[in-house]
Amino acid sequence: MDRKIVAATNNLNKLREFKEILAPLGYQLLSLKDLNIDVDIEETGSTFEENSLIKAKAILDITNMACMADDSGLMVDALGGEPGVYSARYCEGTDKDRVNFLLEKLKDVPREKRTARFVSAITLCFPDGDIITATGTCEGIIADEAKGENGFGYDPVFFVEQYGKTFAQLTSDQKNMISHRGNALFELQKQLI
Ligand code: IMP
């Protein structure tokens, strides 16, 4: 029988990525929506790890089931690691507005200084008190302009050398193979086997 894990997210893209990696390991992923849970958990941590633990623990307290949460974001070297844990709230508006805000901030920064990485921390909390945390990163360069239609968030400007494309130009399989969340999930997988 599949073991059940509740994912502390309503982000459909993340849910799909989590499912694609955990299903082959025999885990059935439930969403907050599946359990009719509607909570807004404040991300008060200063690191991705702290925020993922805060979210996973909050849902464990409600469900008493194994819960996983991720916290992720983009760190741009030329901006001292911004937007970091504030990636989702970098400016008001849509993902597109945030991409444009980032491009504007980097408009005078030459290509060789546009290095960046996505970071994902995933925490899995079990009712017996066990906690597993895994972190993954993916290195890239912030492109001069948005390209591609896939993915979400900053994908259209996150250029990866190994494909010569932005994340938004990759299929979800290609992205999962190298992404920060994919790498964090592979790390988590090693700890679960
Ligand atoms: P979280 O939902 O609190 O983890 O916020 C993550 C934010 O970081 C998202 O809203 C995006 O802006 C950005 N982000 C995280 N992962 C990705 C990704 O795989 N592609 C594009 N943007 C991402």
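This is a predicted model: local features need pLDDT of at least 70, side-chain atom pairs count only at pLDDT 80 or more; totals for chains, interfaces and linings use all residues.

Me: Is Asn64 buried or exposed, and what is its relative accessible area?

Reply: Asn64 has a positive phi of about 55 degrees although it is not a glycine. For accessibility, exposed means over 50%. Asn64 is therefore exposed, with a relative accessible area of 56%.

Me: And Asn36, is that one buried or exposed?

Reply: Asn36 is found in the loop between strand S2 (27–31) and H2. Its phi is positive too, near 55 degrees, in a residue other than glycine. The cut-off for exposed is over 50%, and Asn36 has 73% relative accessibility, so Asn36 counts as exposed.

Me: Back to H2 itself. How far apart are its end C-alpha atoms, and what span should its residues give?

Reply: H2 runs over residues 48–63, which is 16 residues. At 1.5 Å a residue they should span 22 Å, and that agrees with the end C-alpha atoms, which are apart by 23 Å.

Me: Which residues of H2 are buried, and how wide an arc do they cover?

Reply: The buried ones are Phe48, Asn51, Ser52, Lys55, Ala56, Ile59, Leu60 and Thr63. They sit on the same side of H2, because around the axis they cover an arc of only 165 degrees. In general, an α-helix has 3.6 residues a turn, so residues three or four places apart point the same way.

Me: What covers those buried residues of H2?

Reply: Strands show up here. The cover includes strand S1 (3–7), strand S3 (67–76) and strand S4 (115–125).

Me: Let's go to the largest nonpolar core. Which element gives the most to it?

Reply: That core has 19 residues, and those with the most contacts inside it include Leu74, Leu102 and Phe158. Elements giving two or more residues are S3, helix H3 (95–105), S4, strand S5 (131–142) and strand S6 (158–160). With three residues, the one that gives the most is H3.

Me: Which residues is Leu102 in contact with, leaving aside its neighbours within four places in sequence?

Reply: Leu102 is among the residues with the most contacts inside that core. Leaving aside neighbours within four places in sequence, its partners are Leu74, Val76, Leu79, Tyr90, Ile142, Tyr154 and Val157.

Me: How many residues are in the other core?

Reply: Another core lies apart from the largest one. Among its members are Ala7, Leu22, Ala66 and Leu192, and its total is 18 residues.

Me: Now the ligand. Which residues come nearest to it?

Reply: There are 16 residues around the ligand. In the side chain of Lys14, an N or O atom is 2.7 Å from an oxygen atom of the ligand, and a polar side-chain atom of Arg181 lies 2.8 Å from an oxygen atom of the ligand. The nearest of the 16 are Lys14, Ser72, Asp155, Lys175 and Arg181.

Me: How far is the polar side-chain atom of His180 from a nitrogen atom of the ligand?

Reply: For this pair the ligand atom is a nitrogen. The polar side-chain atom of His180 lies from it at 3.1 Å.

Me: Is Asp70 buried or exposed, and with which side chains does it make polar contacts?

Reply: Asp70 is found in strand S3. Buried means under 20%, and with a relative accessible area of 3% Asp70 is therefore buried. Its side chain makes a polar contact at 2.9 Å with the side chain of Lys14, and another, at 3.3 Å, with the side chain of Arg181.

Me: One last thing: what kind of peptide bond joins Glu82 and Pro83?

Reply: Pro83 is found in the loop between S3 and H3. Omega for the bond joining Glu82 and Pro83 is about -5 degrees, and the bond is cis.

Definitions and conventions: Residues are numbered from 1 along each chain as its sequence is written. Side-chain values use heavy atoms; hydrogens and water are left out. Helices (H or I, at least four residues) and strands (E, at least two) are DSSP runs, numbered from the N terminus. The expected span of a helix is 1.5 Å times one less than its number of residues. Buried means under 20% relative accessible area, exposed over 50%, partly exposed in between (1.4 Å probe, protein chains only). The arc is that of the directions from the helix axis to the C-beta atoms. Contact means heavy atoms within 4.5 Å. A nonpolar core is a set of buried Ala, Val, Leu, Ile, Met, Phe, Trp, Tyr and Cys residues joined through side-chain atoms within 4.5 Å. A residue is near a molecule or strand if one of its heavy atoms lies within 4 Å of it. A polar contact is a pair of N or O atoms within 3.5 Å; within protein, one must be able to donate a hydrogen and the other to accept it, and residues adjacent in sequence count only if both atoms are side-chain atoms.
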